[in-house]
Amino acid sequence: MYAPKDVEKPIVPVRLDMESTLCFSCDKELACFTKCCHNNSTFLTPYDIIRLKNRLNMPSDEFLLLFTMPGKIEASDLPVPVIKLNPEKNNACPFLGEDGCTVYEDRPVSCRYYPIAAGLFHNHDLENNENFFALIKEAHCLGHDLGQEMTIAQWREDQGIPPYDEHNKGWVELILRRKSLGPFVEIPEKTLQMFFMACYNLDAFRRFVLKSNFLNIYEIPEDRLQKVKEDDVALLYLGYDWLMTTFFGAGRLKLIEHVAEAEEIEVD
Ligand code: SF4
Ligand code: SF4
């Protein structure tokens, strides 16, 4: 699963892959300009939040409070922040300005993919997940059949998507692993909080790593720790490893010798 901009949007029922082509062009001169930035449920991925909160120069907890509301990832119970729309402005995205998107260079990945919905096909076998795509065709969007023909691979490059997919890979893996447990396995509230903090509220996760018992339990090499202190992406990758280790016993973080596996770390 890779959250489409809005799951309610009309999806053309044809499964596309990287080599499938589309003709699409978006332009300020089109009568539909910014119509796509209203009435959406735009899910935010971990790397979306890093880019947006750093662009807006605010800590992740403040960003989440001001601009998002809680959502759930379908068939998983896992939380995901969804952009909070502005009811006083026709349910516009809060990042929409007079001249269009005010965070364009750091816009979320689902805005970059649009008019493509991206997903991961999975049959409970993590090795066989593959990318799949579909075209979203909304009556108000006038960009279809304009511009040059491109493959989806070219569209992804053109829209700056590859780093998003790369840095969200660990998040997608966690979601697929959780889904593979099936709907009858209940996830404890504390686990959901850990997932939320490590994936979305990175400044809180950094405080947790540095100020809780974390470093007395896990062996984090000094150079990795230094990067984690300064770089949000390095911190996010530590979060993925921590969640994979604690939730799925994947052993991606080494326990310090003599530390009992059962030792508790308090999550705020
Ligand atoms: S062409 Fe489609 S994507 Fe572009 S502004 Fe118009 S509605 Fe939005
Ligand atoms: S982030 Fe930008 S492109 Fe995406 S919905 Fe909001 S205003 Fe539109």
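Tutor: What follows is a close look at a single part, and then at its surroundings.

The model is a predicted one, in which local features need pLDDT of at least 70 and side-chain atom pairs count only at pLDDT 80 or more, whereas totals for chains, interfaces and linings use all residues. Residues are numbered from 1 along each chain as its sequence is written, while chains are lettered from A and ligands numbered from 1 in the order in which they are written. Here pLDDT is the predictor's confidence in each residue, from 0 to 100. It averages 90 over the protein, and 89% of the residues score at least 70. Over residues 1–7, however, the pLDDT stays under 50, and the model gives that stretch 23 contacts beyond four places in sequence, a contact being a pair of residues whose C-beta atoms, placed from the backbone, lie within 7 Å. Residues 121–125 also have a pLDDT below 50, with 7 contacts in the model beyond near neighbours in sequence.

The protein has 10 helices and 10 strands, where helices (H or I, at least four residues) and strands (E, at least two) are DSSP runs, numbered from the N terminus. For comparison, 28% of the 268 residues of the protein count as buried.

In the protein as a whole, residues 24 or more positions apart account for 74% of the contacts with a separation of 6 or more.

Pro-108 shows how one residue from elsewhere in the sequence comes to this helix. It is found in the loop between strand 5 (100–101) and helix 3, and it is buried because 25 other C-beta atoms lie within 10 Å. Pro-108 and Tyr-47 are 61 residues apart in sequence, yet 8.4 Å apart in space, C-alpha to C-alpha.

Pro-108 and Thr-42 are also among the residues that surround ligand 2, together with others including Asn-40, Arg-107 and Cys-111, the test being that the C-beta atom, placed from the backbone, lies within 6 Å of the ligand. That shell divides into 8 nonpolar, 2 polar and 1 charged residues, where Ala, Val, Leu, Ile, Met, Phe, Trp, Tyr, Cys and Pro count as nonpolar, Asp, Glu, Lys and Arg as charged, and the others, Gly among them, as polar.

The C-alpha atoms of Phe-247 and Met-194 are separated by 9.9 Å, although the two are 53 residues apart along the chain.

Finally, look at what comes after helix 1. The helix is followed by Asn-57, which lies in the loop between helix 1 and helix 2. Most residues other than glycine have a negative phi, and most peptide bonds are trans. Asn-57 has a positive phi, near 55 degrees, and it counts as exposed because it has 7 C-beta neighbours inside 10 Å. Asp-145, in strand 8 (residues 144–151), also takes a positive phi, near 65 degrees, and is exposed because 10 other C-beta atoms lie within 10 Å. A cis peptide bond, with omega about 15 degrees, joins Tyr-114 and Pro-115, and Pro-115 belongs to the loop between helix 3 and strand 6 (116–121).

Terms used:
A residue is buried if 20 or more other C-beta atoms lie within 10 Å of its own, exposed if 12 or fewer, and partly exposed in between; C-beta atoms are placed from the backbone. Two residues are in contact if their C-beta atoms, placed from the backbone, lie within 7 Å.
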